[in-house]
Amino acid sequence: MNPSTEDSAPRPLPEDWHRVLAVVAHPDDLEFGASSALARWARQGKDVVELLVTKGEAGIDTIDPAECAEIRMAEQRASAAVVGASAVEFLDFPDGTLEYGLPLRWALAAAIRRHRPDVVVSINFRERFGGASFFNHADHRVLGPALLDAVRDAANRWIFRDQLTEGLEPWKGVRFAAFGSAPAPTHYVELAEEDLAAGVASLDAHEVYMGALEGWDHRTFLTEAAVGAGRWAGVPLATGFEVFDA
């Protein structure tokens, strides 16, 4: 897979497709920008499915992982309902210690073969976020390359052949993978006010998690990010994606 490099100008993300599989490491990952696009697509009648690779059990220092996982899964389901997702699924990889390897690729390829999406969405896997000095989370950096490889794996009949016995036929229908919050986006999705409002509300649904961040104003952050991306794209509100063709 190669990133789209037709030119350096921002381009609208193609929307002539029906089914998207949104894959991230943790509950709350999608809600930092990408969920506004998911809300737009659900409004258009597209089928939106969310897949969480972990249950986010290591995400809140003051809550035991077993209890935390239940809280964060419930918050993700509530968040997904806000944006109109048709389903939410959780894998059982360990939060915070995700490793690139065949088990992860196998599970992601199986999900792609099961859901048969036209488009795959995730979040930034680069070392940094745009304008940020902190190093990106290890789970994010691991998941992105594994997901891109799994798109190719899912299309190849001779990789993970044991899945065929489970009725998971190869799927070659993924057109592209789009990663939100990337430091060098190539495409944008224009957002209506209601899409941004849904995106903000989807992060509001992570009430316990956001409360643990102590005073961070995520509503202002998301609004300013959408305005800034819109300025880059030449529209009032937007969210950006780094796009890789399948």
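Strands β7 (residues 176-180) and β9 pair in the antiparallel sense, over five bridges; strands here are DSSP runs of E at least two residues long, helices are runs of H or I of at least four, and both are numbered from the N terminus, while pairing takes at least two DSSP bridges between two strands. This is a predicted model, with local features needing pLDDT of at least 70 and side-chain atom pairs counting only at pLDDT 80 or more, though totals for chains, interfaces and linings use all residues. Residues are numbered from 1 along each chain as its sequence is written, and side-chain values use heavy atoms, with hydrogens and water left out.

Phe 176 has Asp 245 as its bridge partner in β9.

A pocket here is an open set of points on a 1 Å grid over the protein atoms alone, where a 1.4 Å probe fits, with protein on both sides within 12 Å along at least five of seven lines; lining residues have an atom within 4 Å of a point. The volume of the largest pocket comes to about 1100 Å³, taken as the space filled by probe spheres set on the points. Among its 40 lining residues, Phe 32, Phe 129, Phe 134, Ser 181 and Phe 221 are the closest to its centre. α7 gives the largest share of the lining, seven residues.
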